[in-house]
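Hi,

Here is the structure we talked about. Please open it alongside this note.

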Amino acid sequence: MSDTILVTGGAGFIGSHTCVALAAAGYNPLVLDNLCNSDLRVLDRLERITGQRPGWIEGDVRDRALLDRVFAEHRMAGVIHFAGLKAVGDSVADPLGYYDNNVNGTWVLAQAMEAAGVQTLVFSSSATVYGDPDRSPIPEHAPCRPANPYGRSKRIVEETLGDWQAARPGWRVALLRYFNPVGAHESGLIGEHPQGRPNNLMPFVCQVAVGMHDRLMVHGNDYPTPDGTGVRDYVHVMDLAEGHVAALRQLQKAPGLLTLNLGAGSGLSVLQVVQAFERASGRAIAYEVGPRRPGDVPAYWADPSLAERVLGWKARRGLDAMCADSWRWQQGNPNGYA
Ligand code: NAD
Ligand code: UFG
């Protein structure tokens, strides 16, 4: 019988792609999600892609009684914990809401796991824990200076899960620091559908390409970067998904604490992304250069070599695939799963 993995937040962007990778690797994903930022119809799409409908539990990760029931009813080989809130601006407006969801949610989950004897946990952290780094590529031992409540919520979880793993050495914990996830499954059946006006670059570019906005606002072109626009490490969401499977496999081999960057290892500017998207879509992307966005860092990218050494994982899909797959999803699903 295949191992069942509880995937909290599995209806969301990265979680749904990870369900595909888990199924491909022979695991049996069981999704728990409160649908605060996702759509239940993603399950139909996952069934079309994998030929197997993931298990489904609608609920909140902070609901301890629910978690106790779930762990009592299913024999779980591990948990991948995506459930959380991720909008930096909202976290500034509602820090306690963010700490409750992201920090308290993880603590409730870890306590329920301990009570149930499930000791394998993969956690969604973020490159945002580094804040404005001194240099790139960023290794995992770089100082962590998160600059907003969202970033601090991720860092608090990292530190407290580190304390927990030290106190319970039988536990197997992976803290995965994602850089900028973009793209979609190559089928075009699942992808990212932000609610309202997208904050992030790739979804906004996609919406310009289909005419939902007349132009992209480039947030500054006076940064100390080759073309003056912001530089980030974009990583294809399916590479990221496969990174979770690799982390899970590694944890199943040995107890311990892994802290790993998941990024492509190179930086791309806003204009490089725009040009690649134009090539992939055959559409012109109109843009205007505006002022810098408050809180933005000029440039950073990952040193992903530790993940390659420890997990044998590295990002394989390049910028052209990220753009082509985003575009396929956008064209086929202009209203998301609706
Ligand atoms: P997403 O919003 O698409 O997915 C998160 C899912 O969690 C959603 O389906 C949402 O409904 C669910 N959820 C939120 N709070 C919940 C709760 N209390 N109980 C149950 N379900 C809950 O976001 P995503 O981009 O897939 O991100 C997944 C994780 O990765 C998040 O923890 C996020 O902070 C982290 N992360 C994302 C990025 C990124 O740029 N997308 C970068 C670094 C880290
Ligand atoms: N950008 C634009 N125009 C837009 C949107 C973005 O020019 O309409 C630029 C940004 O200024 C930045 C780059 O595109 O230079 C990438 O911006 P994103 O918003 O896509 O991504 P960020 O790197 O700003 O944010 C990501 C995650 C956050 C996380 C942050 C930490 O989405 O969750 O990294 O650095 F907090």
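Below is what turned up around the ligand, and then among the aromatic rings. Keep in mind that this is a predicted model.

Ligand 1 first. Its shell holds 27 residues, and D33, N37, S38, K86 and Y150 come nearest. By type, the shell residues split into eleven nonpolar, eleven polar and five charged. β5 gives the most, with three residues.

Some polar contacts are worth a look. The side chain of N37 places an N or O atom 2.7 Å from an oxygen atom of ligand 1. A polar backbone atom of F82 is 2.8 Å from a ligand oxygen. For G12, a backbone N or O atom lies 3.3 Å from an oxygen atom of the ligand. On its own, ligand 1 has 820 Å² of accessible area, and the protein covers 95% of that.

Now the aromatics. The whole structure contains five aromatic pairs. Y130 and F179 make a tilted pair, because their planes meet at 35°, with ring centres 6.4 Å apart. Y130 sits in the loop between β5 and α6, F179 in the loop between β6 (172-178) and β7 (180-182), 49 residues apart. Y130 is buried at 1% relative accessibility. F179 is buried too, at 5%. Together with Y300, Y130 and F179 form one aromatic cluster.

F277 and W327 pair edge-to-face, 5.8 Å centre to centre, with 80° between the planes. F277 is in helix α9 and W327 in helix α11, so this pair ties together parts 50 residues apart in sequence. Both F277 and W327 are buried.

Best wishes

Methods:
Residues are numbered from 1 along each chain as its sequence is written. Chains are lettered from A and ligands numbered from 1 in the order in which they are written. This is a predicted model: local features need pLDDT of at least 70, side-chain atom pairs count only at pLDDT 80 or more; totals for chains, interfaces and linings use all residues. Side-chain values use heavy atoms; hydrogens and water are left out. A residue is near a molecule or strand if one of its heavy atoms lies within 4 Å of it. A polar contact is a pair of N or O atoms within 3.5 Å; within protein, one must be able to donate a hydrogen and the other to accept it, and residues adjacent in sequence count only if both atoms are side-chain atoms. Accessible areas come from the Shrake-Rupley method with a 1.4 Å probe; for residues, only the protein chains shown count as cover. Helices (H or I, at least four residues) and strands (E, at least two) are DSSP runs, numbered from the N terminus. Ala, Val, Leu, Ile, Met, Phe, Trp, Tyr, Cys and Pro count as nonpolar, Asp, Glu, Lys and Arg as charged, and the others, Gly among them, as polar. Rings of Phe, Tyr and Trp (its six-membered ring) pair if their centres lie within 6.5 Å; planes under 30 degrees apart count as stacked, over 60 as edge-to-face and the rest as tilted. Buried means under 20% relative accessible area, exposed over 50%, partly exposed in between (1.4 Å probe, protein chains only).
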